[in-house]
Amino acid sequence: MTTEKTDWLDFLLVGPDCRDLPAERGGWCREGIWLSDVALVVKVRPTHKCLTGEVLEQTKQALYAFLRRVSQTALEHDFMRPVACVIVLPADPAVASGRLGEISRAMRRWGADQEWHRGAFTLYSEFDSEPKFDPERLASDRRVLDLLKPQVTPIEESERAVRTLETLIGSLTNEAETRGPLEQSLVNAVIEDLRAYEAGHESEAGKFSISRWKWDHLKPPSDTQPAPTGQRQPDSGD
Amino acid sequence: MEAETDVIARIEKVTVSHFRGFQKTHSIDTNADLVLITGPNGYGKTSLLEALSLVLTEWRGLRDPKTELLAQRPGKGGKPGSPHGDDGFFICAEGRTVGQGKRALSLELEWPGTDRGELTVLGLPRSRLMPPADAGTEEQRRSERDDGRELTARLCAFFQDHVEEQFDEVARGRTLRDVFEPLPRGIKEVRSQLSGVVEELMTRIAEPPPQWHGLGEDRLWIDLRAAYAAFRPQYLKLAATAEHWAAVEEDPQTVDDDAAMDAFARRVLQASGVLHRYDGPELRDRFEAAVSGAMDRQKELVGRRAAGRTREGSRLRQRLEKLEDEVRRIRDEYPRLEEDLVALSAGEPGQPDALAVFRVLAHSARRWSRVQFAAGEVNGALLFARALEELRAVEEDQAAVCAEAIAAWLEPRRDAGERLRELDREAQQVRSALKHERASEELDRLGTFESTLKQTLAVLLEAWKEGHRFRDYQAHSAKYDADVTWWKEALTVAQWSVDRLDDLTHASGWLQEELQRLAGKVLWRFNLVDGTLPLHLSAEDRSYPGDPYRTRSIYAVRTDDGRELCHLSTGQRAQMAIALLVSQNLALSGLGYLNHQIILLDDMTAAYDLSNLTREAILWRQIAYGENDKQRRQVFISSHHEDMTNHLLDLLVPPEGRSMRLLRFIEWSPSTGPVIEESEVIPTRGRSGGPEGLADLKCDLKAF
């Protein structure tokens, strides 16, 4: 976490807006601008005016101008990066279906509006606390960090149980040993069939073992011996 | 497995000769973190990526190497061309490993004589994704090698034209699940057989127990006793009548149940010479046959005896009738015959009758009139004297006439009387003969007896049968209980085996969750429609097309709202495929499964809009220019859409310290193949390029 935090700060170019917002920022305020070798990330937060719908359309125009300006400025300084804008929406599920939901949908529409952004930047709208992959981090922060420095954790092989035919047979045999002779006889039949299949002797596997076990145990016991069931010894081995 | 340092980190130069779109020999510098290949369709971009895929994975798809891999000579008049010479094709990729060593991969195939199984790349490090080389038959090993190659290809190469093949559902070969959780060959059949046993046992156990719908047991035996009581007299009569049947010496007075009846029936059969011990319906049938047989034989005997006499009897009866008719006629003619004969006959034997008297009178009347009797003779003499006195008055002629008259009246009566006596004698004889005709009457009587016998026998058999049925029910019921108890025990065992097998072979949540999480994380970077995320991987088992006994353990893709692959748009499918490729490729980093760190992406701009193109570019930059060495990949991207490609080029410009090459396929000639313009893209300033630039930028940005 320490390293991540350090990276996070290292990437930061500009922090949040000061209190006196420029006039054209009626609809949103800047949370920060970050730069990595991967992308230039701008994080903005809609203002109350924007959320109440007063300046939504103006916000769109102003945001476009702002992002283009950031991109151009970076290019002027010889930093050519794709620009990603993360729009932070307040996390309040109660209003998600109301005005906030509408704003969220509008943001998605903006992102898909190719006539508007012309591929100059891409938009991500994130609720402040949407615990999708990392409950400990705000969704918007997680998005910013993922854009700047993505991490894909390799598969942890230590968690993997090695599975082969022999390990399977070993497990089955061990478990059958703690059971009765009937279980052992069926497990033996299963193992015999599996080995036959493994050796490519399908016809043998189909004819014997489980089929034979089935033959022995599906016919009524009264057909084979008159003794009560409790006295029967099914795994007599004959 | 090769050492991690032997993993190929970068392809620096590719030489392709006579491979697909490449006529002659082309050497291309690819020594960069990211190689962008542009140009119109048909100029050889995909051929280059396919050459790289082939040399990095040995996977040639499902193609026939000769007809599809080899460069084609141009045909004339629109006719298809022929393979370019008979000397095959050649691909060589020179690169360096993670350990900075030089590595050359070369693939040379010659025709004729090279078949599919001989395609081997020299210098290619071994991958843990490949199956073990020592298992199964040669044919199986070859098939499994192909399957392994397909998987390695799916983890590093994306071709827009074959986007479906990126998914486990559509691909034919091994999957990551097969690598991490291999299932034994034939496991499905074994499980299926076990399930079959379970199902069959469950079906048997679910069968309803036997039910008794008849009378109560007590009532059954009461009925049987009554039926036997009715039958017994008939049986005794039969035993007494039947001439050729050995009945039992002592029949029971009563039978109390079916067992007693069985014992009696067996004794009857034994007495009849049947030594086999019959039971149940057969015993009943045999008993019925024995009784009916005795009856039938007796009837036959009597019938046969009567049959010989029947014609004679008929004749006798006719004769008797005639005799009786004649007697009747005589009686009608002489109704007072006996009285008349008595009246004119002698009163006592030796005395003359009336006719004799009149004849004597007629002959002796005159002479008798002269006879003198002395006075005082005996009373008889007096009476006779008196008679003579009367007779003296009779004239001889008159007496003769009277005698004649009496004779004419008396003679036929005397003849009739004689005839009656004769007839009576003859009738006596006929009747005596007719007495033998009693046999036919016996037959009639036997018929009546048989009817009664059979009636009582039928009732007995029915009661007896019901008793047997009840015993069968009891036996069946006991058997059912025993069977079900046994089957339940067997079911427990079979179900346990199925469960154990499932437990030991089921898809581990670990791998599923890992892959799901990783793919979802990559997909999260795209602007997907609602309901798509989180991505779900559903573990399923399929069979290999060429080997029904091998199991492909796949993960089928499902969106969060349940849509399957077939319900996704082309763009969504491409995004899913890319997400799976990238996430799985990166997830296997440093574990020895991948023998190279190269990702090939063909026609990447085809399925994306401008918005997602930017996101995609960020993704490729992350992979090609990222800071994590283990997760960095050399990326080859081809694109044919000019506007999109130019935009993509801007988006992919490398930062300082990273490199990018641009390969522009500007022309293609049938005789030489593509004309490629190669250039290096100049990096822009990177974060590591010095603090000055960053400080200036920060300063400017703060002013916004």
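## Chain B at a glance

Of the 704 residues that make up chain B, 36% count as buried. Here a residue is buried if 20 or more other C-beta atoms lie within 10 Å of its own, exposed if 12 or fewer, and partly exposed in between, with C-beta atoms placed from the backbone. What you are looking at is a predicted model, in which local features need pLDDT of at least 70 and side-chain atom pairs count only at pLDDT 80 or more, while totals for chains, interfaces and linings use all residues. Residues are numbered from 1 along each chain as its sequence is written, and chains are lettered from A and ligands numbered from 1 in the order in which they are written.

Chain B contains 18 helices and twelve strands. Both kinds of element are DSSP runs numbered from the N terminus: helices are H or I with at least four residues, and strands are E with at least two. Among contacts in chain B between residues at least 6 apart in sequence, 73% join residues at least 24 apart. Two residues are in contact if their C-beta atoms, placed from the backbone, lie within 7 Å.

## How confident is the prediction?

The average pLDDT of chain B is 84, and 87% of the residues score at least 70. This score is the predictor's confidence in each residue, from 0 to 100. Residues 76-81 of chain B are a stretch to read with care: pLDDT stays under 50 there, and the model has five contacts for them beyond four places in sequence. For the complex, the predictor gives an ipTM of 0.82 and a pTM of 0.70.

## Where the two chains meet

How many residues of chain A are in contact with chain B? The number is 67, and they touch 78 residues of chain B. Helix 9 of chain A (residues 181-198) gives the most to the side of chain A that touches chain B, with nine residues. That side divides into 37 nonpolar, 14 polar and 16 charged residues. In this count Ala, Val, Leu, Ile, Met, Phe, Trp, Tyr, Cys and Pro are nonpolar, Asp, Glu, Lys and Arg are charged, and the others, Gly among them, are polar.

After helix 9 of chain A comes Gly200(A), with a positive phi near 80°.

Helix 7 of chain A (residues 139-148) is mostly covered, as nine of its ten residues are buried. Among them are Ala139(A), Arg142(A), Val144(A) and Leu148(A).

## Strands and sheets

In chain A, five strands form an open sheet in the order 1-2-3-4-5, with mixed pairing. Its edge strands are strand 1 (12-14) and strand 5 (121-127) of chain A, each pairing on one side only. Two strands pair if DSSP finds at least two bridges between them. Strand 1 of chain A runs antiparallel to strand 2 (residues 28-35) of chain A, and two bridges join them. Within that pair, Val14(A) has Ile33(A) as its bridge partner in strand 2 of chain A.

## Backbone details to find

Which peptide bond is cis, with omega near -5°? The bond from Leu533(B) to Pro534(B) is. Pro534(B) sits in the loop between helix 14 (509-523) and strand 7 (536-544) of chain B.

Asp78(A) has a positive phi near 65°, although it is a residue other than glycine. You will find Asp78(A) in the loop between helix 3 (56-76) and strand 4 (83-89) of chain A. Lys24(B), also not a glycine, has a positive phi of about 55°, and Lys24(B) belongs to strand 2 (residues 22-29) of chain B. Lys24(B) is partly exposed because 13 other C-beta atoms lie within 10 Å.
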